[in-house]
Amino acid sequence: MGQVVLGFRSLLIKAVIFFVMAGLLAWTLGGTLFPQPTVVNLPGAGETYWRVSSGGELHGLQWSLMQGDQEIMSGRWQSAIGPVILDGTVWIATGNAGQWSVLKVTGSTAEEVVSPPSEVLSELFPSVK
């Protein structure tokens with residue numbers, strides 16, 4: 001029984017040394033053992049912009065529509081377009097698998113518009129005629 005306890009103690013000491021050395025190596029190289037998501041703020045229109053996060057515990061891309069420092073909405077879309085400002089109104093589009101949703105940003109909320117004006121569509125999707 002004493003040999004088993006000595007074996008576990010030796011294993012524990014080796015594991016602690018491994019994690020300390022791995023942590024020191026990660027710190028030396030400018031990282032961490034448990035990385036945080038990479039966050040990128042994209043250019044926007046007015047105070048409305050996209051924040052894209054990836055890595056860490058996110059397991060993919062997460063889009064967040066921001067207005068100043070406040071998050072309006074977030075999701076895991078394949079694509080996001082905008083924001084564009086038309087007649088003082090902010091418009092965005094989000095897409096998954098070829099299905100696009102056009103949203104109108106009003107204050108701190110975003111509501112889906114089923115039939116957006118043609119000017120909005122031509123501004124959001126300029127290459128589509």
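Author: Of the contacts in the chain with a separation of 6 or more, 25% join residues 24 or more positions apart; contact means heavy atoms within 4.5 Å. The model is predicted, and local features need pLDDT of at least 70, side-chain atom pairs count only at pLDDT 80 or more, while totals for chains, interfaces and linings use all residues. Residues are numbered from 1 along each chain as its sequence is written, and side-chain values use heavy atoms, with hydrogens and water left out.

The background comes first. The chain contains two helices and eight strands, in the order α-β-β-β-β-β-β-β-β-α from the N terminus. Helices (H or I, at least four residues) and strands (E, at least two) are DSSP runs numbered from the N terminus. The C-alpha trace spans about 80 × 25 × 25 Å along its principal axes. The radius of gyration of the chain is 24 Å, whereas a compact globule of 129 residues would have one near 14 Å; this radius is taken over C-alpha atoms, and the globule rule is 2.2 Å times the number of residues to the power 0.38.

Of the 129 residues, 26% count as buried. Buried means under 20% relative accessible area, exposed means over 50%, and partly exposed lies in between (1.4 Å probe, protein chains only). The accessible surface comes to about 9000 Å², with 61% of it belonging to carbon and sulfur atoms. Accessible areas come from the Shrake-Rupley method with a 1.4 Å probe, and for residues only the protein chains shown count as cover.

Strand S5 covers residues 79-86 and includes proline 83. The peptide bond that leads from glycine 82 into proline 83 is cis, with omega near 0°. Leucine 86 also lies in S5. Apart from its neighbours within four places in sequence, leucine 86 is in contact with Trp91, Glu119, Val120 and Glu123. Glutamine 36 is 50 residues from leucine 86 along the chain, and their C-alpha atoms are separated by 36 Å.

Aspartate 87 counts as exposed because its relative accessible area is 82%.

Strand S6 (residues 89-96) then pairs with strand S7 (residues 99-106) in the antiparallel sense, over seven bridges. Two strands are said to pair if DSSP finds at least two bridges between them. Isoleucine 92 stands opposite leucine 103 of S7. S6 and S7 make a hairpin with two residues between them. Alanine 97 belongs to the loop between S6 and S7, and has a positive phi of about 50° although it is not a glycine. With a relative accessibility of 66%, alanine 97 counts as exposed.

On its other pairing, S7 meets strand S8 (residues 109-112), again antiparallel, over four bridges. Leucine 103, already placed opposite isoleucine 92, has glutamate 112 as its bridge partner in S8.

Strand S3 (residues 61-67) pairs with strand S4 (residues 70-75) in the antiparallel sense over five bridges, and leucine 65 has methionine 73 as its bridge partner in S4. Two residues lie between S3 and S4, and glycine 68 in this hairpin has a positive phi near 70°. In a regular strand, side chains alternate between the two faces of the sheet.

Leucine 12 lies in helix H1 (residues 2-28) and is exposed, with a relative accessible area of 56%. Leu12 is one of the residues in a nonpolar surface patch of about 850 Å², together with Ile13, Val16, Ile17, Val20, Met21, Leu24 and Trp27. Patches are made of residues with over 30% relative accessible area and no salt bridge, like charges being joined within 9 Å and nonpolar side chains (Val, Leu, Ile, Met, Phe, Trp, Tyr) within 5 Å. A salt bridge is a side-chain nitrogen of Lys or Arg within 4 Å of a carboxyl oxygen of Asp or Glu.
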